Amino acid sequence: MDPLLSEFDSFVRARTPALLRSAYLLTGDQHLAEDLVQSALARTHRSWSRLHDTGNAEAYTRKTMYHLQVSWWRRRRVAESVTGELPEPRRHDGDFASQTSLRLTLRAALARLSAKQRAVLVLRFFEDRSEAEAAEMLGVTVGTVKSQTSKALAKLRTVAPELADLYVLEGSVR
Amino acid sequence: MNDQRLRLDLADLAEEVTLVDVRDRVLRTSRRLGIRRAVAGSAAAVALLGAATGTAFAFSPKGSPGPTPGNLPSVVTSPSPADPWANVGRIFYLPTVSDMGNIPLTAWRPGGQPSTLVDLPGSVLGSNAAVSSDGRQVAWVQDTELMLADVDGPNRRVVSAHVEAGSCWGPSWSPDSQSLAAAVMRRPGIPIAQYGLVDLKTGRFAPLKISVNGCRPVWSADGQLLAYTDGEGRVAVTNRHSSATRVVPRLGGNNVYDSYHVVSLSRDGSRVALLRTGPTEDDGDIARDLNANAVVDTRTGATVNLPLGGRKLIQAYFLPDDRLVARVKGGGGNQHLLLIDADGHLVTEVAEPAALANQQILAVTSS
């Protein structure tokens, strides 16, 4: 096998799990996440000859993935494929701690965010990127990351107040 | 909001995803998008190294020269007023295959003789050359430059120096010949090109809300609609003003047939000429394929019956008045052009000159 192709294969197989997790948070859907990772990796494949020995292949792939996701078409497909219905608000009792139920609520709440808002949340709170890193990844200013993060968190509180309540109950200041 | 709790919840949610091996799909997508030949072996190595040095297409002859003025056009016979081809302009051809550094653009009008026009770089063969709707100019992408020249050679210029190398999005001419659909890089460091229209008068770029995987766009003659493939065998028709998009039924996804090559769209977007492939057929190479084996109703996905006389459809182009120029191959191998009216009736047909046997039609103009 061509050594470059072999290297690319290794890269794909090593990094796909992490990419899929981020893509799932960005899209909220298994198939859309696979499509997103597939499209981003295809573009990485295209540039593999200059990326393979730079150590930047994953950064390039992630950057591509975020830009693809924020684009119009995928945003529309996500909106079509994800139900906008949130689970019924839950009571503040012992069942509230159910992690499965919490996941459903968080997933539905994320679906209410814009693609860019969801992207900044994933970058900042899942990938633990700094504001500067998130800005560089998305090709926007740090100010935009700040404002989008703020809007995203505010939207989460609005569409899923029980989530915000949970976080507050656990000691945070809203 | 408790940031740490949010982090944990996101991490927990991310674990819902099922981990799958996408390697084969990645390589197929790469190939289908026209980005790169996904083949192993030395050819791929050469291609990858070629890309590293800035060569746009793996199969682009390295250092292929730009266009040079070709032979002067020969005198074209004007059709008589009674000629059914009277309102058809010129038919433009490029060779089907060639290993030449330069390839000539050829024009022919039924009743006349083929005329040789501008020489184009061999790298555009089968990939991205496009003749304007008025038949006066030809555009192509060379490396990252969107180029333009008069069809008879002069006035060569660079329209944009920042087109995505190897993109399958255009160039494609608007019906008024005033703008080109192209994939232009947004700015340095941003890996994804933006799909849109380059205004040839002002040089301005207007982005379109189009699938990021959109490929091979063609316009309706009223300038309202664009049809394109999505790299997954589906064909979409988008209103460029409202962005309303319709996916043609019965193509791509779980359907029996795919299409990766859209060739021509009718004036109102109701019919599209395309290359349709079945489950046992090769999806084709990465290069643009101008062959068409079906005309399909974009609302139902049904095949439109054409009066081909039992012959095989090999190319098809709609005219602005919704007539169709169909190229067919008969049992003897001779190729004929059929003129079919908007109601699907055969108006006339003509045998192509033998000199055009190994050429493919690049465009049919109305003037």
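1. A buried arginine. In this predicted model, B:R109 is buried yet takes part in no salt bridge. The nearest side chain of opposite charge belongs to B:D83, and it is 7.9 Å away. A salt bridge here requires a side-chain nitrogen of Lys or Arg within 4 Å of a carboxyl oxygen of Asp or Glu, so B:D83, at 7.9 Å, does not qualify as a partner. As for its place in the chain, B:R109 sits in the loop that links strand 2 (102–108) to strand 3 (115–121) of chain B. What lies 3.1 Å from a polar atom of the side chain of B:R109? The backbone oxygen of B:G89 does.

2. Salt bridges between the chains. Over all chains, the count of salt bridges comes to 20. One of them pairs the side chains of A:D9 and B:R23, with an N to O distance of 2.7 Å. This pair joins two chains, because A:D9 belongs to helix 1 (residues 3–27) of chain A and B:R23 to helix 2 (residues 23–32) of chain B. Are these two residues buried or exposed? Both A:D9 and B:R23 are buried.

3. A further link between the chains. The side chains of A:E34 and B:R25 also meet in a salt bridge, at 2.8 Å from N to O. A:E34 is in helix 2 (residues 30–46) of chain A and B:R25 is in helix 2 of chain B, so this pair too joins two chains. A:E34 has a relative accessible area of 9% and is buried. B:R25, with a relative accessible area of 21%, is partly exposed; the limit for buried is under 20%.

4. A salt bridge within chain A. A:R62 and A:E58 form a salt bridge in which the closest N and O atoms are 3.1 Å apart. The two residues are four apart in helix 4 of chain A, which means that about one helical turn separates them. A:R62 is buried, its relative accessible area being 7%, whereas A:E58 counts as partly exposed at 21% relative accessibility. The pair is part of one network, in which salt bridges that share partners join A:R15, A:E58, A:R62, A:E127 and A:R129.

5. Chain A has ten helices and zero strands, and its pattern along the sequence is α-α-α-α-α-α-α-α-α-α. Of its 174 residues, 55% count as buried. Two packed helices are described by the angle between their axes and the distance between the axes. For helix 4 (residues 57–70) and helix 7 (residues 115–126) of chain A, the angle is about 155 degrees and the axes are 9 Å apart. Helix 4 of chain A is therefore roughly antiparallel to helix 7 of chain A. The crossing of helix 4 and helix 7 of chain A is right-handed.

6. Backbone details. The peptide bond from B:G170 to B:P171 is cis, with omega near 5 degrees. B:P171 falls in the loop between strand 7 (157–160) and strand 8 (172–173) of chain B. Which residues other than glycine have a positive phi? Among them are A:D128, with phi near 55 degrees, and B:S243, with phi of about 70 degrees. A:D128 is located in the loop between helix 7 and helix 8 (131–138) of chain A. B:S243 is located in the loop between strand 14 (235–239) and strand 15 (245–247) of chain B. B:S243 is also buried, with a relative accessible area of 12%.

7. An exposed loop lysine. B:K201 lies in the loop between strand 10 (193–199) and strand 11 (205–207) of chain B. With a relative accessible area of 70%, B:K201 is exposed. Its C-alpha atom is separated by 7.2 Å from that of B:Q178, a residue 23 positions apart from B:K201 along the chain.

Notes. Residues numbered from 1 in each chain as written. Chains lettered and ligands numbered in written order. Predicted model: local features only at pLDDT ≥ 70, side-chain atom pairs only at ≥ 80, totals over all residues. Heavy atoms only, no water. Buried < 20%, exposed > 50% of the residue type's maximum accessible area, 1.4 Å probe, protein only. Lys, Arg positive; Asp, Glu negative; His and termini not counted. Polar contact = N/O pair within 3.5 Å; in protein donor to acceptor, adjacent residues only side chain to side chain. Axes fitted to C-alpha atoms, helices over the stretch in contact; angles between N-to-C directions. Parallel < 35°, antiparallel > 145°, perpendicular 65-115°, else oblique. Left-handed = near helix turned anticlockwise from the far one by under 90°.
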